[in-house]
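Here is a short walk through one structure.

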Amino acid sequence: MSCDCCENKKTYRNDEEKKKLVTRLNRIEGQIRGIKKMIEEDAYCIDVLTQCSAASSAFSSFSRELLSSHISGCVVRGINEGDEHVVDELVTIIEKLVK
């Protein structure tokens with residue numbers, strides 16, 4: 001998956017890439033709704049926490065995929081074009097993701 005960045009900081013993705021990312025987000029959204037329902041129905045704490053762990057893992061996986069796409073597309077392109085700011089931006093986002 002590659003991303004095409006432009007000067008106004010947008011990333012244009014093709015339809016297939018968008019569909020793949022949105023599908024993953026929809027799945028995560030469903031997991032969150034399921035957790036909410038579990039709370040509303042007084043589910044056992046361990047069962048809720050297990051689902052929280054699964055949702056967290058799914059979201060982390062989504063973030064890693066998006067980061068990989070950003071590095072292979074936007075960052076590489078920025079470096080090739082002499083924009084060293086993309087490296088600083090990358091370091092900042094990695095710091096946020098590993099907190």
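The sulfur of C45 lies 10 Å from the closest cysteine sulfur, which belongs to C52. That is too far for a bond. Keep in mind that this is a predicted model. A disulfide needs the two sulfur atoms within 2.5 Å. The structure holds zero disulfides.

How exposed are these two cysteines? C45 counts as exposed, because its relative accessibility is 55% and the cut-off for exposed is over 50%. C52 has 31% relative accessibility, so it counts as partly exposed.

Now the helices. Helix α1 spans residues 15-40. Helix α2 covers residues 45-80. They pack at an angle of about 165°. Their axes are 10 Å apart. Which way do they run relative to each other, roughly parallel or roughly antiparallel? Angles over 145 degrees count as roughly antiparallel, so α1 and α2 are roughly antiparallel to each other. Their crossing is left-handed.

What meets what between them? The α1 side includes K20, L21, R24, L25, I28 and Q31. Also on α1 are I32, I35, M38 and I39. They meet residues of α2, among them D47, V48, Q51, A54, A55 and A58. F59, S61, F62, E65 and L66 belong to the α2 side too. So does C52, one of the α2 residues in this contact. By class, the contact of α1 with α2 has 15 nonpolar, three polar and four charged residues.

Conventions. Residues numbered from 1 in each chain as written. Predicted model: local features only at pLDDT ≥ 70, side-chain atom pairs only at ≥ 80, totals over all residues. Heavy atoms only, no water. Buried < 20%, exposed > 50% of the residue type's maximum accessible area, 1.4 Å probe, protein only. Axes fitted to C-alpha atoms, helices over the stretch in contact; angles between N-to-C directions. Helix = DSSP H or I, 4+ residues; strand = E, 2+ residues; numbered from the N terminus. Parallel < 35°, antiparallel > 145°, perpendicular 65-115°, else oblique. Left-handed = near helix turned anticlockwise from the far one by under 90°. Contact = heavy atoms within 4.5 Å. Nonpolar A, V, L, I, M, F, W, Y, C, P; charged D, E, K, R; others polar.
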